[in-house]
Amino acid sequence: MSERRLADLLAMWRIRAFEEKVRELRAEGAIVGSVHLCVGQEAIPVGACDALEPQDALFATYRGHGWALARGVPAEPLFAELLGRASGVNGGRGGSAYFTAAEYGFHGENSIVGAGAPIACGAALAGRHDGSDRVAVSVFGDGAMNQGAVHEAMNFAAAFSLPVVFVCENNRYSELTPIAGMVRDPRLSGRAAAYGMPGHRVDGNDAEAVRFHVRDAVEAAREGGGPTLLECVTERLVGHYIGDAETYRRPGELDRIRSREPIARLRAGLLADGVPAADIDAVERRARAETDAAATAALAAPPADPATAREHLYA
């Protein structure tokens, strides 16, 4: 059991270290444009992606770096993409908010809130006819639960029993507004009943809890049971975007969050189970060393050639 939890810790540290390096590179100007980090939410992609098969299709939000890493996308070409390098997963064309890596089952982010949900339905419907036995996973935030496209996607998936798992990352803030102030019932998983599908509220700071529920939902979908909605409750340790002043937070809020965020919580659990602190600390050092090496290699790669901008536009 400790081996699995140490593996989860390593996977989460790889995401945390990547995001912290991205923030550093953005501050230096090496990365440009809007960037959204998932610091504090690492347990959800780590647990969820561990329950997927290679043929399954994942559609993330614009806060998708961690999902790509958890799905197996290597850090170096992912850094290169954010840095606008030719060696990026999309040749430096996609940047932070639009990259994709279909060869890893990561079918991209989407900067239109909730737009990935109907696309996931399309992938699930195709999987029904192409013999791939594919399950599609759509990831979105709590604010996207109020988007019409998400409602339509859930209704369509339920009506046709499509193999889709809808994963809501409820970090309690819809951009800069608390979700509790935008809905009458903040328990978003309860909406699943209206579509006639199962809905579960999950501890999004526990990778094992996420893994358990996603695995059950994926198995049910693959066996013809149709879609499931999972509301994974978590908190982000950073702003909605890099540069967010976070003036909407209450005094002391971040200090309270840091005491229960997934990495700190898993570390405390491992220590309580008798795992030596040296072994736990070695996990962080390994992740940071790998991340630094990947970023250095990406920075050394040549920039994307503007002359190739029109490639891949037309068949």
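**Exercise 1. Helix α12**

Determine how far helix α12 reaches from its first C-alpha to its last, and compare this with the expected span.

*Solution.* The model under study is predicted. Step one is to locate the helix: α12 covers residues 277-300, a total of 24 residues. Step two is to state the expected span, which is 34 Å at 1.5 Å a residue. Step three is the comparison: the helix reaches 35 Å, close to that expectation.

**Exercise 2. The buried residues of α12**

Identify which residues of α12 are buried and which helices they pack against.

*Solution.* First, apply the cut-off: a buried residue has under 20% relative accessible area. In α12 this holds for I280, V283, A287, T291, A294, A295 and A298. Next, recall that an α-helix has 3.6 residues a turn, so residues three or four places apart point the same way. Finally, consider the partners: the buried residues of α12 pack against α1 (2-28), α4 (75-82) and α11 (262-272).

**Exercise 3. Helix α9 and its surroundings**

Describe the span of helix α9, its buried residues and the elements against which they pack.

*Solution.* Helix α9 comprises 16 residues, numbered 207-222. From its first C-alpha to its last it reaches 22 Å, close to the expected 22 Å. Its buried residues are A207, A209, V210, R211, V214, A217, V218 and A221.

**Exercise 4. Residue T228**

Is T228 buried or exposed, and with which residues is it in contact?

*Solution.* Begin with its position: T228 belongs to strand β7. Its relative accessible area is 5%. Because buried means under 20%, T228 counts as buried. Neighbours within four places in sequence are then set aside; the contacts of T228 are V164, V165, F166, M197, P198, H200 and A217. One of these, A217, is also among the buried residues of α9.

**Exercise 5. The whole chain**

State whether the radius of gyration of the protein chain agrees or disagrees with that of a compact globule, and report its overall dimensions.

*Solution.* For 315 residues, a compact globule would have a radius of gyration near 20 Å; the chain has 19 Å, which agrees. Along its principal axes, the C-alpha trace spans about 55 × 50 × 40 Å. The chain contains 12 helices and seven strands, and 50% of its residues count as buried. Lastly, among contacts between residues at least 6 apart in sequence, 73% join residues at least 24 apart.

Conventions
Residues numbered from 1 in each chain as written. Predicted model: local features only at pLDDT ≥ 70, side-chain atom pairs only at ≥ 80, totals over all residues. Heavy atoms only, no water. Helix = DSSP H or I, 4+ residues; strand = E, 2+ residues; numbered from the N terminus. Rg over C-alpha atoms; globule rule 2.2 N^0.38 Å. Buried < 20%, exposed > 50% of the residue type's maximum accessible area, 1.4 Å probe, protein only. Contact = heavy atoms within 4.5 Å. Expected span 1.5 Å × (residues − 1).
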